[in-house]
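Subject: Structure handover

Hi,

Here is the structure I promised to pass on to you. My notes on it follow below.

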Amino acid sequence: MVVAVITCGSKADHNVVSFDKNYHVTWGNSHVTSVNQGTEVHLRMDKASGAGFESNVGYASGFFQIKIKLPNKDFSGVVVAFYLTSDPDGKGGNHDELDFEFLGSNGPPFTLQTNVFANDEGGREQRFHLWFDPTSDFHTYGIVWNQHQVVFYVDKTPIRVFKNNTKIGVSYPSQQLVIQGSIWNGETWASGGRKIDWSQAPFVASFVGFGVTGCQFQSSASKDQCYISSPKLWWNGDKYLGLDPAQRKALQDARTKYLYDDYCSKHAHIHQECQINKNTS
Ligand SMILES: *[C@@H]1O[C@H](CO)[C@@H](O)[C@H](O)[C@H]1NC(C)=O
């Protein structure tokens, strides 16, 4: 109840914030169009290029949400992504990353893949079939990241929890993260061998909701401020230390119905969180 009120309260502002306030284009400039006074951005992919954007600053905790509408045609082989990363330039190193990746298809079922990297340990893909048509309307995709947990949300439904299990030796995202959004050629990556049908190009992904509810990373010293429970940082408050019973139920339901490919089913032995946290990690 309280959660819903908070979400609605910030949503109104969130949706009318213009892209330029918090983001900039990082690549494929000619493939980015801004509409509705800059509050909606279209990323376009054709044979020449895809496109991507990034937040102007880095964060150290928050509730990061955006609304996305996927290309409304056969976009097999195309990937649309919204994620947080400590390695925006792809330099490598011990990076942290929290991913939403939409794997293109020719109609339903539509696949959403999530992944978590912490201290460079990735390989934690979980794939869901979406229970709606993500190409016909905007839906909200959100990530809570605080000192206790990472929660992935689709609209109001939690679909995945990655807990801070550092006390049993599982790395947890702890570095400064920037927010990125992009559309790119995933033919050789996660398309399951499907080729892009270029006769369908351009492929357009639309983004809305450029308000950012996060604690800006300023220095290692200030980093702790971003983790501390404080009334100012509501995503660090009691409501977000763990899921409440209703949310746990929603999580279980979503996973029972829509999760169809889980790293924990395949590689549990190499990821310690799979052994203690079977249903949620
Ligand atoms: C993870 O939890 C530990 C306590 O178990 C805490 O000291 C640490 O700051 C947390 N990590 C992050 C990134 O919040």
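In which strand is Glu101 found? Glu101 sits in strand S7, where strands are DSSP runs of E with at least two residues and helices are runs of H or I with at least four, both numbered from the N terminus.

Before the rest, some housekeeping. This is a predicted model, in which local features need pLDDT of at least 70 and side-chain atom pairs count only at pLDDT 80 or more, while totals for chains, interfaces and linings use all residues. Residues are numbered from 1 along each chain as its sequence is written, and side-chain values use heavy atoms, with hydrogens and water left out.

Annotated site

The unreviewed UniProt entry gives the annotation "active site" to Glu97 and Glu101; such annotations may be inferred rather than shown by experiment, and the positions follow the numbering used here, with feature names shortened. Glu97 also lies in strand S7, which covers residues 97-103. Glu97 has a relative accessible area of 13% and Glu101 one of 7%, so each counts as buried (under 20% relative accessible area; exposed is over 50%, partly exposed in between; 1.4 Å probe, protein chains only). The side chains of Glu97 and His95 make a polar contact of 2.9 Å (N or O atoms within 3.5 Å; within protein, one able to donate a hydrogen and the other to accept it, and sequence-adjacent residues count only if both atoms are side-chain atoms). Beyond four places in sequence, the contacts (heavy atoms within 4.5 Å) of Glu101 include Trp189.

Disulfides

The whole structure holds two disulfides, that is, pairs of cysteine sulfur atoms within 2.5 Å. Cys215 and Cys226 have their sulfur atoms 2.2 Å apart, and the S-S torsion is about -75°, so this disulfide is left-handed. Cys264 and Cys274 are bonded with sulfur atoms 2.0 Å apart, and their link is left-handed too, at -80°. Cys264 is in helix H5 (residues 263-267) and Cys274 in helix H6 (residues 272-276), so the pair ties together parts ten residues apart in sequence.

Helix H4

Helix H4 runs over residues 245-258. Its buried residues are Gln247, Leu251, Ala254 and Arg255. Seen down the axis of H4, they fall within an arc of 95°, so they line one face of the helix; the arc is taken from the directions from the helix axis to the C-beta atoms. The face turned away from that side carries exposed residues, among them Lys249 and Lys257.

Best wishes

How values were computed. Expected span 1.5 Å × (residues − 1).
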